[in-house]
Amino acid sequence: MPGDVRVPAKVKIGSVELAPATVLAPMAGITDTVFRRFIRQMDGCGLLMTEFTSADGVVRKKDKKAKRFLHFYEDEHPISSQLFGSNPDSLAEAARMVEGYGFDLVDLNLDVRRRRW
């Protein structure tokens, strides 16, 4: 049937297998842990994403909002953090930190309007 789109049973990103091959989009103010867990239980989403999180906030370590955005439970795996920023050094440091928190993947959202790369 034309327009009939089927989601693959699984897909791999590096060593992380997503089954089904679906990703919950990172949405500011929406994809908190309660929403993510609800979605996982409702439709078995393959990959959960955190809210957009400031790389600078993660690096500062005092940013309570960043800590809240990066909180997750073991039943949320596989899960990816979504970091944004315009400073390559902050993004790299934040990505290393987040990887150490136990995320399966790290997604970088680069703001190229503010900085020349």
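Which side chains meet in a salt bridge at 2.8 Å, N to O? The side chains of Arg 37 and Asp 75 do, and the views below start with this pair. This is a predicted model, in which local features need pLDDT of at least 70, side-chain atom pairs count only at pLDDT 80 or more, and totals for chains, interfaces and linings use all residues. Residues are numbered from 1 along each chain as its sequence is written, and side-chain values use heavy atoms, with hydrogens and water left out.

A salt bridge here is a side-chain nitrogen of Lys or Arg within 4 Å of a carboxyl oxygen of Asp or Glu. Helices (H or I, at least four residues) and strands (E, at least two) are DSSP runs, numbered from the N terminus. Arg 37 is partly exposed at 29% relative accessibility, and Asp 75 is partly exposed at 40%. Buried means under 20% relative accessible area, exposed over 50%, and partly exposed in between, with a 1.4 Å probe and protein chains only. Now look at Glu 76, which forms a salt bridge with Arg 36, their closest N and O atoms being 2.5 Å apart.

**View 1**
Glu 93 is partly exposed, with a relative accessible area of 32%.

**View 2. The largest nonpolar core has 17 residues.**
A nonpolar core is a set of buried Ala, Val, Leu, Ile, Met, Phe, Trp, Tyr and Cys residues joined through side-chain atoms within 4.5 Å. Val 58, Leu 83, Val 98 and Phe 103 have the most contacts inside this core. Helix 2 (55-60), strand 4 (79-85) and helix 4 (88-100) each give two or more residues to the core, and helix 4 gives the most, with five. A second, separate core of five residues includes Val 16, Leu 18, Leu 47 and Met 49.

**View 3. Strand 3 is mostly covered.**
Five of the seven residues in strand 3 (residues 48-54) are buried. Five bridges join strand 3 to strand 4, and the two run parallel; strands pair if DSSP finds at least two bridges between them. Along this pairing, Ser 54 stands opposite Phe 84 in strand 4. Glu 51 also has its place in strand 3 and is buried, with a relative accessible area of 7%. Leaving aside neighbours within four places in sequence, the contacts of Glu 51 (heavy atoms within 4.5 Å) include Met 27, Asp 32, Phe 69 and Gln 82.
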